[in-house]
Amino acid sequence: MTTDGDDQTIDEAALGHYLEEHVEGFHGLEQMVKFQAGQSNPTWRLDADSRTYVLRAKPPGELLKSAHQVDREFRVMQALAGTDVPVPRMLHLAEESHSPLGRTFFVMEHCDGRIFWDPALPEIESGEERGAVYDAMNAALAALHSVDVDSVGLADFGRPGNYFERQLSRWTEQYRQSKTDPIPAMDELIAWLEQNLPDDDGVTSLVHGDFRLDNMIFDKQKPEILAILDWELSTLGHPLADLSYQCMQWRLPHSGSFKGLGDLDRTALGIPTEEQYVARYCERRGLDGIDHWPFYVAFSFFRLAAILQGVFKRYIQGNASNPDKAKVYGRNVPVLAQLAVDLIKKEA
């Protein structure tokens with residue numbers, strides 16, 4: 001037996017037997033080791049006689065209706081196999097009705113590589129290699145947004161219409177459902193976003209939804225991405241949502257729990273500026289430039305704040321995947337909202 005972070009017991013023997021029946025070549029489950037990083041869907045390394053695997057499951061307890069859809073994660077990564085977007089190989093999806101865990105989960109290959117938790121990349125000595133890491137992310141993002149969704153079977157992976165309008169409505173609703181204390185800056189931000197929503201330009205692509213450095217596994221020796229992880233928020237949407245979300249990294253402080261690039265000397269580190277990063281992306285995608293950039297960045301701050309508020313609410317309810325981090329994230333919600341409010345006032 002092993003225990004989930006919420007004290008729910010998992011029968012490893014039953015799980016091992018199930019996986020031997022449903023995952024080709026699987027045999028001899030030795031242990032489950034829970035990854036402590038991440039907040040949304042609990043994830044374990046499975047050490048077995050056959051090889052090492054990764055299992056990712058829905059969290060237990062009462063969940064928001066549209067959250068924690070690990071089946072969507074499985075589907076999108078399975079569809080992207082063979083494209084220029086690096087993803088781990090999907091091995092099995094267990095629906096809730098047949099799951100030995102009593103909840104939906106999937107199993108994928110374990111990619112043995114490096115995860116960079118600090119965007120300043122202190123473990124890399126060369127500024128040239130740091131720049132190459134960021135360029136690899138840029139190339140992967142451009143490749144993702146260039147995927148032909150019809151050819152990979154994802155034409156129905158999202159709804160038509162104004163993506164930002166839908167997302168603003170969705171995350172406003174989820175924020176209000178998970179709200180614990182009044183946050184005036186969030187109310188001000190939501191009102192500004194509603195009033196400054198750009199007209200829909202008709203552009204649609206597959207979007208990751210949480211595209212950032214620590215959701216990627218890099219080769220141990222080269223600045224090459226082996227796999228992009230955490231596709232729970234992926235959908236058909238506007239590519240600028242991913243780009244602006246990643247570019248928050250340049251605006252967040254490096255101190256505290258955010259670990260941004262905002263107060264670092266990027267040139268000395270060999271890391272591109274936000275302007276350079278955006279320009280390289282535009283070059284790869286054949287774009288002349290980006291209108292309404294402040295809106296997209298402010299929206300990204302809002303969306304992240306709404307996500308973290310949901311994490312904090314799960315902490316209050318007692319079913320957060322990582323309670324210590326969830327508590328800290330709750331304190332960051334008003335900080336993110338204020339950063340966005342400061343941004344829009346500066347750009348006004």
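Me: How many residues apart are Phe295 and Phe299 in helix α9?
Reply: They're 4 residues apart in α9, which spans residues 293-317, so about one helical turn separates the two. Bear in mind that this is a predicted model.

Me: OK, and what kind of aromatic pair do Phe295 and Phe299 form?
Reply: Phe295 and Phe299 are stacked, with 6.4 Å centre to centre and 15° between the planes.

Me: Buried or exposed, those two, Phe295 and Phe299?
Reply: Phe295 is buried, and Phe299 is too.

Me: Which residues do ring pairs link into a cluster?
Reply: Phe295 and Phe299 belong to one, together with Tyr163, Phe164, Trp192, Tyr296 and Phe302.

Me: Zooming out, how many aromatic pairs does a search of the whole structure find?
Reply: The search comes up with 15 aromatic pairs. One of them is edge-to-face: Tyr18 with Phe105, at 6.0 Å centre to centre and 65° between the planes.

Me: Where do Tyr18 and Phe105 lie?
Reply: Tyr18 is in helix α1 (residues 12-22), while Phe105 is in strand β7 (residues 105-109).

Me: Switching to charges, which ring does the charged end of Arg72 sit over?
Reply: That would be the ring of Phe157, with the charged end of Arg72 3.9 Å from its centre.

Me: And what about Arg51, which ring is its charged end over?
Reply: Arg51 has its charged end over the ring of Tyr53, 5.5 Å from the ring's centre.

Technical notes:
Residues numbered from 1 in each chain as written. Predicted model: local features only at pLDDT ≥ 70, side-chain atom pairs only at ≥ 80, totals over all residues. Heavy atoms only, no water. Phe/Tyr/Trp six-rings, centres within 6.5 Å; stacked < 30°, edge-to-face > 60°. Buried < 20%, exposed > 50% of the residue type's maximum accessible area, 1.4 Å probe, protein only. Lys NZ or Arg CZ within 6 Å of the ring centre and 35° of its normal.
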